[in-house]
Amino acid sequence: MLKQITAYDTKISLQWAICARLDSAYISFRKLAILLEFSGSGYVWIPYAIIMIALHYTSVREAMRFILLFTGLMFDIAIVGTTKGLTRRPRPIVNHNDVLSIGPDKFSFPSGHTSRAVFLLFYFIQTSFFKHIPSPVIIIWLSLVVASRVILGRHYISDVIAGIFFGIFECSVIVRLTPFVTRLVFSIFGIPQ
């Protein structure tokens with residue numbers, strides 16, 4: 001049964017990798033899919049968080065939302081990085097040497113981009129990070145980030161589903177860790193809460 005599920009997952013994932021196969025009619029959308037993929041990437045949001053922390057270093061209260069963003073992203077990398085070390089599953093389409101590919105990772109399980117997109121979705125909506133952008137726009141954007149991983153052949157569909165569960169788990173942990181991280185940062189800087 002597991003072999004049948006894996007075979008079906010592989011078949012469907014390869015069919016949906018419409019921007020990865022050179023014979024696909026949708027290959028012209030590849031750059032757009034890569035742009036979407038990149039917009040939800042840690043390569044964007046981790047440096048952004050660091051820069052914003054540096055710009056707001058004089059006010060810990062203002063910097064706190066960026067500190068929590070950075071903490072959540074680092075937690076995601078630790079969780080996903082650990083599981084990738086335990087489970088080695090090659091990507092559906094081996095395009096990791098493609099200059100447009102994000103990251104050197106050759107393995108698919110679980111989808112770190114998906115878990116980060118789930119975390120970013122939760123974080124952006126819960127903290128009103130983008131005050132002038134409606135929540136449905138953020139949901140659509142980050143859903144497209146997740147979809148880009150499948151259509152670019154970076155992940156199997158089952159790995160994206162696993163990434164969603166990882167992201168939900170990470171969000172629940174971050175909710176519990178936020179008061180601790182806040183207290184820790186405030187105590188380091190000697191600021192009363």
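In this report, a residue is called buried when its relative accessible area is under 20%, exposed when that area is over 50%, and partly exposed in between, with a 1.4 Å probe and protein chains only. By that scale Ser-115 is buried, because its relative accessible area is 0%.

The structure is a predicted model, in which local features need pLDDT of at least 70 and side-chain atom pairs count only at pLDDT 80 or more, while totals for chains, interfaces and linings use all residues. Residues are numbered from 1 along each chain as its sequence is written, and side-chain values use heavy atoms, with hydrogens and water left out.

## The chain as a whole

The chain has seven helices and zero strands, where helices (H or I, at least four residues) and strands (E, at least two) are DSSP runs numbered from the N terminus. Of the 193 residues in the chain, 44% are buried. A contact is counted when heavy atoms lie within 4.5 Å, and among contacts in the chain with a separation of 6 or more, 72% are accounted for by residues 24 or more positions apart. The chain exposes about 10,800 Å², of which carbon and sulfur atoms supply 72%; accessible areas come from the Shrake-Rupley method with a 1.4 Å probe, and for residues only the protein chains shown count as cover.

An unreviewed UniProt entry carries the annotation "transmembrane region" for residues 32-55, 67-87 and 163-186; the positions are given in the numbering used here, feature names are shortened, and annotations may be inferred rather than shown by experiment. Over residues 32-55 the model is 92% helix and 0% strand, with the end C-alpha atoms 31 Å apart.

Helix H5 covers residues 112-126, and its 15 residues should span 21 Å at 1.5 Å a residue, which agrees with the 21 Å between its end C-alpha atoms; the expected span is 1.5 Å times one less than the number of residues. Eleven of the 15 residues of H5 are buried, so the helix is largely enclosed by the rest of the structure. The buried residues include Gly-112, His-113, Ser-115, Arg-116, Tyr-123 and Phe-124. After H5 comes Ser-128, whose phi is positive, near 50°.

Ser-115 belongs to helix H5. When its neighbours within four places in sequence are left aside, Ser-115 is in contact with Asp-76, Val-80, Gly-163, Phe-166, Gly-167 and Glu-170.

## Salt bridges

Side chains of opposite charge can pair when their charged atoms come close. A salt bridge is counted here when a side-chain nitrogen of Lys or Arg is within 4 Å of a carboxyl oxygen of Asp or Glu, and a search of the whole structure finds three of them.

| Salt bridge | N to O distance |
|---|---|
| Arg-149 and Glu-37 | 2.2 Å |
| Arg-154 and Glu-37 | 2.8 Å |
| Asp-76 and Arg-116 | 2.5 Å |

The pair of Asp-76 in helix H4 and Arg-116 in helix H5 links distant parts of the chain, 40 residues apart, and both residues are buried.

Glu-37, Arg-149 and Arg-154 are linked in a network of salt bridges. Because Arg-149 lies in helix H6 (residues 135-151) and Glu-37 in helix H2, their pair ties together parts that are 112 residues apart in sequence. Both Arg-149 and Glu-37 are buried. Arg-154 lies in the loop between H6 and helix H7 (157-188), so its pairing with Glu-37 in helix H2 ties together parts that are 117 residues apart in sequence. Arg-154 is also buried, with a relative accessible area of 0%.

Tyr-26, Phe-29, Leu-32 and Leu-35 make a nonpolar surface patch of about 430 Å². Patches are made of residues with over 30% relative accessible area and no salt bridge, with like charges joined within 9 Å and nonpolar side chains (Val, Leu, Ile, Met, Phe, Trp, Tyr) within 5 Å. Phe-29 sits in the loop between helix H1 (2-16) and helix H2 (30-39), and it counts as partly exposed because its relative accessibility is 45%.
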